[in-house]
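Hello,

Here is the structure I promised to pass on. Please load it before you read further.

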Amino acid sequence: MSGFVAEIHEQPDALHRVLDHFSAEALYPWAKKLKDGTLKRVVFTGMGSSYHAAAPAVIMLEEHGIPASAVEASELVYYGKLDAQTLLIAISQSGKSVEVVRLIETINKSSTNIPIIGITNDAESPLALHSDAVILLHAGAELTVSSKTYTNTLAVLDLLARTLRSAPTQPALENLRLLADRMAEALPDWSKQAETIAEQLAISHFLVFLGRGPSRTSAMTGALIMKESTKLPTEGMVSGQFRHGPIEVVSREMVTFIFASPGRAAALNLGLARDLTQLSGQVFVIGNDQVVPGAVRITTPQHPAIDEWIAPLIEMIPIQLIAAQLAKQRGFDTSRFMHGSKVTTRE
């Protein structure tokens, strides 16, 4: 078992671990300041999968009346405007990504008192040491493409968003623990299916990942880890954008993965999948038990507690396993990066 595959299989335990350590009480002061107007908005920042992971939390806060946005750290450090009424949520799994570190250093050198909550896997990292509050991911060592740290980031961001909007977190904690158990149960079947799917993708030249709402993070991160591990040209985007031009690139050599977990946009995603099967491209539907003629289903555990908010934690794992198998098939070692590194230290 490769290092990447081993780390994928460690995710249920890692998720249980971070849930056991999560403390909503530590975030109550920030929730109070958002409620009484001392803080006016929340800005999430990060790079790569850390940045993409913020999408569900942004949507959740916006839907509950708290202005929120996500800005890449590489943009925010040079073009963004922050003030003392902004709560900054900085996400970096290593806590050492160059753009996040530069942003934190710039803020700390300024005279503006901008509150920072850091989310990281390393308690001794620059991000952890220079934040007003820290949420640790407790994912353990991760040496290959992001898996455990990404899943745990999604979990703590879900709980953080619920806390900041003054909602109880205990039901969400119970649902996430259930999800971790279902994840562990599904891993053997996903592993077998990943081998079959990787063989089907042998002649593919271009992969596209599509998702809406909370699953936008799955589309973007799915594309990212596939690029990192398999070196295949890959793109991730919001499902609704695909009909606005990108649909023209569909061909027999293109593969589309559509995240369609049950939720308010599931029917739209399934409709897009049906249309794409008529255009000769290979189509995979993740997270929905409905049959789409001509498409391959990648099923995920179905349970009322696993709603569209936490579905991204579980719908990414089959993609991770497919990426690992496809990388092996193409002769790439997922523990090695051809042009970059696990932690980006150069802008």
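Predicted model: local features only at pLDDT ≥ 70, side-chain atom pairs only at ≥ 80, totals over all residues.

Residues are numbered from 1 along each chain as its sequence is written, and side-chain values use heavy atoms, with hydrogens and water left out.

Salt bridges first. The criterion is a side-chain nitrogen of Lys or Arg within 4 Å of a carboxyl oxygen of Asp or Glu. A search of the whole structure gives 9 of them.

Glu63, Arg264 and Glu308 form a network of salt bridges. Arg264 pairs with Glu63, with the closest N and O atoms 2.6 Å apart. This pair links distant parts of the chain, 201 residues apart: Arg264 is in the loop between strand 8 (254–259) and helix 12 (266–277), and Glu63 is in helix 5 (residues 55–63). Helices (H or I, at least four residues) and strands (E, at least two) are DSSP runs, numbered from the N terminus.

Arg264 also pairs with Glu308, at 3.2 Å between the closest N and O atoms. Glu308 sits in the loop between strand 10 (296–298) and helix 13 (311–315), 44 residues from Arg264.

How exposed are they? Arg264 is exposed, with a relative accessible area of 57%. Glu63 is partly exposed at 41%. Glu308 is buried at 18%. The cut-offs are under 20% relative accessible area for buried, over 50% for exposed, and partly exposed in between (1.4 Å probe, protein chains only).

Lys32 and Asp36 make another salt bridge, with the closest N and O atoms 3.6 Å apart. They lie 4 residues apart in helix 3 (residues 28–36), about one helical turn.

Now the cores. A nonpolar core is a set of buried Ala, Val, Leu, Ile, Met, Phe, Trp, Tyr and Cys residues joined through side-chain atoms within 4.5 Å. The largest has 80 residues, of which Val42, Phe44, Ile89, Phe257 and Ile319 touch the most other members. Helix 10 (residues 170–200) gives the most to this core, with 12 residues. A second, separate core has 17 residues, including Val208, Phe242, Leu276 and Val285.

Last, helix 11. This helix covers residues 216–230. Of its 15 residues, 11 are buried, so helix 11 is largely enclosed by the rest of the structure. Among the buried ones are Met220, Ile225 and Met226. Lys231 follows helix 11, with a positive phi near 65°.

Best wishes

How values were computed:
Expected span 1.5 Å × (residues − 1).
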